[in-house]
Amino acid sequence: MIGVTLDEVAAACGGRLEARDALAVATGVSIDSRAVHPGDLFFGLPGDNCDGGDFAADALAAGAVACVVTPRAAAPLRAGTPRVVVDDAGRALRALAAAVRRRSGAAVVAITGSVGKTSTKDILAALLAPVARVVATSGNHNNEIGVPLTVFELDHSTEVLVCELAMRGRGQISELAAIVKPDVGVITNIAPVHLELVGTIEEVAAAKAEIIAEVGKGALVVPADEALLEPHLRYHTGRLVTFGGENANVAVAEAEVRGRGTHALVDAFGRRAAFDFNFSGGHYLQDALAAIGAFIALGFNLEDAKTGAGAVEFSALRGRVSELSGGGLLLNDAYNASPLSMKAAIDHLCALADERPLVAVLGDMFELGAGAGAFHRDVGRYAAEHGVRVIAVGELAREYVADADAGDWFATVEELLAALPGEIAPGSAVLVKASRAARLERVADAILTPPAAEAS
């Protein structure tokens with residue numbers, strides 16, 4: 001972290017400093033008293049079942065240089081305890097992150113979109129690694145807490161910050177982008193997600209397009225010919241880079257799946273380079289084009305991106321392919337799901353199958369609003385058209401098999417786990433995918449390591 005003194009913390013957070021040494025330097029930030037390192041600044045954030053400020057004394061005992069707490073949490077602390085007292089600890093966390101970002105010389109890429117944010121971030125981080133010192137979002141640090149924590153990973157040697165921005169409603173992308181002030185903004189795509197919260201796909205586009213104002217005169221990387229973004233792009237005053245689709249600035253000229261990888265000839269602004277990516281899947285290739293667009297917008301050459309293309313490490317539960325006993329394979333994409341990403345994952349399964357029987361274990365897709373049933377039925381029909389047998393899990397998921405001739409439904413994950421492994425024939429190619437709340441990775445784990453194997 002870029003070090004900040006306690007008086008700088010108080011000024012950034014709009015708080016009242018109570019400390020003997022205002023020039024003491026915080027060298028890290030923690031929101032968990034159990035994970036505090038000496039020199040950390042502890043933020044007592046409100047939680048579902050407790051207030052993090054209640055653990056300020058524990059954080060200080062573990063070596064925190066000071067704590068940032070509300071008046072309620074500050075009251076029980078003994079006199080002389082180093083602290084910054086604020087009205088809202090969450091808002092203070094975001095304000096300090098914005099201050100740290102202003103002190104950094106790193107270029108910032110902020111990535112949003114309906115699907116593919118994390119894989120685009122993972123690919124871009126890999127492309128940048130050989131040519132720059134990079135900090136990138138880890139885990140699910142893409143919200144009002146995670147984005148500040150990502151910013152705090154910056155130090156003076158960082159050259160590029162790659163930051164993922166998520167939203168569940170209007171105004172959130174704007175708030176997160178205001179913290180990181182991106183030099184390059186990326187919108188991966190617009191698709192029906194969070195409809196329960198924002199209403200229409202046009203509102204989804206508007207929410208994602210909030211990043212445009214914060215990019216300002218910087219570069220914006222967007223999918224080519226995305227009509228839903230057109231009304232918003234007129235307000236962009238900087239460089240526009242398009243990817244995928246007809247007449248895009250960055251596009252695939254040729255592509256061939258080679259084993260688990262993809263050989264692709266990429267055309268970017270009239271220059272071409274051959275890439276050997278260590279992943280397959282057409283949707284990931286589209287994400288790679290977005291990443292290459294951002295890479296070029298940062299000022300790097302297309303050729304410079306080739307080295308990192310073979311070293312992409314996707315985040316957990318996203319497109320991981322594993323061998324199964326009996327000659328089968330597992331495509332574990334259980335982290336999240338939407339209608340668009342479900343169809344893309346089915347396509348990926350079909351491309352990997354190599355004549356294996358096709359099985360998709362699909363759970364609920366949440367936050368789709370009144371049209372949720374229709375979206376599930378559409379995915380089920382898509383699977384059936386591609387010869388994929390669906391095993392549906394969850395109340396909404398029942399619609400996957402409503403129109404299908406073949407398929408099974410289980411009300412809960414526990415019911416399906418009890419029926420495994422009899423539900424899946426040996427040698428099958430199996431996809432596991434659902435919205436995060438379904439926690440369908442439990443099924444993927446059981447398929448990968450069945451109980452009989454554990455006992456042996």
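Modeller: Happy to! Asp-54 is partly exposed, at 46% relative accessibility (buried is under 20% relative accessible area, exposed is over 50% and partly exposed lies in between, with a 1.4 Å probe and protein chains only). Before going on, please bear in mind that this is a predicted model, in which local features need pLDDT of at least 70 and side-chain atom pairs count only at pLDDT 80 or more, while totals for chains, interfaces and linings use all residues. Residues are numbered from 1 along each chain as its sequence is written, and side-chain values use heavy atoms, with hydrogens and water left out.

The partner of Asp-54 is Arg-72: the two form a salt bridge whose closest N and O atoms are 2.7 Å apart (a side-chain nitrogen of Lys or Arg within 4 Å of a carboxyl oxygen of Asp or Glu). This pair ties together distant parts of the chain, 18 residues apart, with Asp-54 in the loop between strand S5 (40-43) and helix H2 (56-61) and Arg-72 in helix H3 (residues 71-74). Helices (H or I, at least four residues) and strands (E, at least two) are DSSP runs, numbered from the N terminus. Arg-72 is partly exposed as well, with a relative accessible area of 47%.

That bridge belongs to a set of 27 in the structure. Another one joins Arg-101 to Asp-183, with 3.3 Å between the closest N and O atoms. Here the link spans 82 residues, from Arg-101 in helix H4 (residues 89-103) to Asp-183 in the loop between helix H7 (172-180) and strand S11 (184-187).

The largest nonpolar core has 57 residues, of which Leu-41, Phe-43, Leu-96, Leu-165 and Ile-211 touch the most other members (a core is a set of buried Ala, Val, Leu, Ile, Met, Phe, Trp, Tyr and Cys residues joined through side-chain atoms within 4.5 Å). Helix H4 supplies the largest share of this core, six residues. Beyond its neighbours within four places in sequence, Ile-211 is in contact (heavy atoms within 4.5 Å) with residues including Leu-165, Ile-173, Ala-177, Pro-182 and Leu-220. A second, separate core of 40 residues includes Val-109, Ile-123, Phe-275 and Ala-290.

Finally, some backbone details. Most residues other than glycine have a negative phi, and most peptide bonds are trans. Asn-247, in the loop between strand S13 (240-243) and strand S14 (250-258), has a positive phi near 60 degrees and is exposed, at 71% relative accessible area. Leu-317 also has a positive phi, of about 65 degrees, and lies in the loop between helix H12 (282-297) and strand S17 (320-323). The peptide bond from Leu-420 to Pro-421 is cis, with omega near 0 degrees, and Pro-421 is in the loop between helix H15 (413-419) and strand S22 (429-433).
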